Amino acid sequence: GHSQAVNDGGGLHPAAHPELGEDVGDMHAGGLGADEQGLGYLRVGTPCGHEQQDLPFPVGQAEAGQLIDWRRGLPVRLAIAGDPGSAEAFTGRGDTYRSTGRYQDALADFARAIDLDPGLCKAVRGRAYTYMLMERFEDALAEFERAVALDPEDAGALSGRGIAYGEFDRHEEAVADYTRVLELEPDNAWAFSVRGEIYRLMNRYQEALADLDRALTLDPGNCRALVNRGDTYRDLERYDEALADFDRAVALDPGNAQAFLGRGLTLQNMERYEQAVADFSRCIELDPEESLAIGSRGQTYHLMGRYDEALADHDRAVGLRPGDEWALDGRGETYLALGRYEKALADLTQAIDLDPSYGWALVNRGKTYLALARYEEALADYARALDIDPEDTDAIAGRAQTLAALGHPSGPQP
């Protein structure tokens with residue numbers, strides 16, 4: 001039914017890439033949120049927890065294959081920066097400031113380094129990653145472009161640019177950057193994992209599975225890859241395989257909110273509603289602002305006929321995502337089930353205004369108009385839904401009910 005449809009796709013969230021070594025590891029250290037729908041609902045993707053993973057990933061510096069322990073590095077780097085003429089020293093101190101969340105200080109040091117040596121790729125790259133942490137994505141992308149121009153084989157710059165492309169749904173370009181990284185580093189589990197994630201968002205599921213399988217062969221404990229492969233299996237309705245991956249992810253990292261979310265969505269699709277609610281609830285305990293889990297638990301309560309609990313969750317989801325059509329449709333559908341038709345119409349109309357091609361919301365509004373005996377408006381919504389998907393069974397059934405209420409035969413009308 002329409003209630004179960006959920007959009008959990010998007011690009012790549014920088015907080016999810018601690019594995020990249022120093023630069024992207026700082027995004028982890030910087031503590032960006034792990035909202036499934038991402039920053040400002042820019043359709044960014046599913047972080048797999050915030051565990052540090054010690055995966056070597058060279059970003060053009062000898063020590064950068066290991067994740068920085070900035071507490072240990074701080075006095076060394078501040079001492080190095082005592083040389084006022086050294087671009088390398090300012091870059092090192094900028095890296096440290098970024099690691100500690102002092103972004104303005106980091107930007108000042110990277111600017112000084114670039115003034116001293118405009119061709120120093122790692123300083124430009126460091127500034128780009130700082131902009132990512134500050135959610136200045138256009139600035140970040142421009143700096144990554146500059147870094148790649150300075151050194152087309154800098155894997156850290158290519159990786160960062162791929163992440164930035166993901167913020168703007170520029171999936172083909174992101175894939176190209178990760179592919180280039182894999183040419184430079186053929187056994188890079190992180191790059192296989194994120195390219196597989198992008199393929200999934202492009203509905204290129206077989207390529208996604210191939211990449212995620214490779215990532216997990218190289219790094220069997222890669223929780224992010226497990227969650228993404230589970231999501232891919234769910235998209236393909238291969239639910240048992242999806243559950244196996246989510247179970248493994250939960251066993252590896254019991255504090256991983258995204259693993260519980262993915263398993264909950266899978267159980268919901270399997271109509272195992274009590275278990276789905278338990279997983280959504282655990283996800284919400286771990287991440288109280290995970291709006292997809294809140295809204296999905298509301299959907300599940302709705303499917304169980306527990307409408308008051310559903311409404312409470314939908315209110316909370318809309319509060320977290322006030323301009324989100326999926327959250328509004330979920331609440332509108334529950335208002336409809338409760339017989340609160342005017343409130344249902346308000347939410348569903350807002351959802352349709354936000355996305356005129358949102359078939360689920362059109363069907364739900366059609367049902368609301370039918371309940372209010374506003375038959376012509378109901379027929380218009382069902383017709384719009386069938387233009388979008390001629391095989392929408394709910395729209396076909398709703399149209400038949402409406403025509404029957406009007407005393408017409410239920411076949412397609414000329």
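In which helix do arginine 180 and glutamate 183 both lie, and how many residues apart? Both belong to helix H8 (residues 171-184), three residues apart, or about one turn of the helix. Helices here are DSSP runs (H or I, at least four residues), numbered from the N terminus. The model is predicted: local features need pLDDT of at least 70, side-chain atom pairs count only at pLDDT 80 or more, and totals for chains, interfaces and linings use all residues. Residues are numbered from 1 along each chain as its sequence is written, and side-chain values use heavy atoms, without hydrogens and water.

The whole structure contains 34 salt bridges, each a side-chain nitrogen of Lys or Arg within 4 Å of a carboxyl oxygen of Asp or Glu. One of them joins arginine 180 to glutamate 183, with the closest N and O atoms 2.8 Å apart. Arginine 180 is partly exposed at 26% relative accessible area. Glutamate 183 is exposed at 52%. The classes are buried (under 20% relative accessible area), exposed (over 50%) and partly exposed (in between), with a 1.4 Å probe and protein chains only.

Helix H12 (residues 239-252) holds aspartate 245. This residue meets arginine 229 in a salt bridge (2.7 Å, N to O). Arginine 229 lies in helix H11 (residues 223-235), so the pair ties together parts 16 residues apart in sequence. Both residues are buried.

Aspartate 247 pairs with arginine 263, the closest N and O atoms being 2.9 Å apart. Here helix H12 is linked to helix H13 (residues 257-269), again across 16 residues. Arginine 263 is buried at 17%, whereas aspartate 247 is partly exposed at 38%.

A network of salt bridges links Arg200, Asp231, Arg234 and Asp235.

Key. Helix = DSSP H or I, 4+ residues; strand = E, 2+ residues; numbered from the N terminus.
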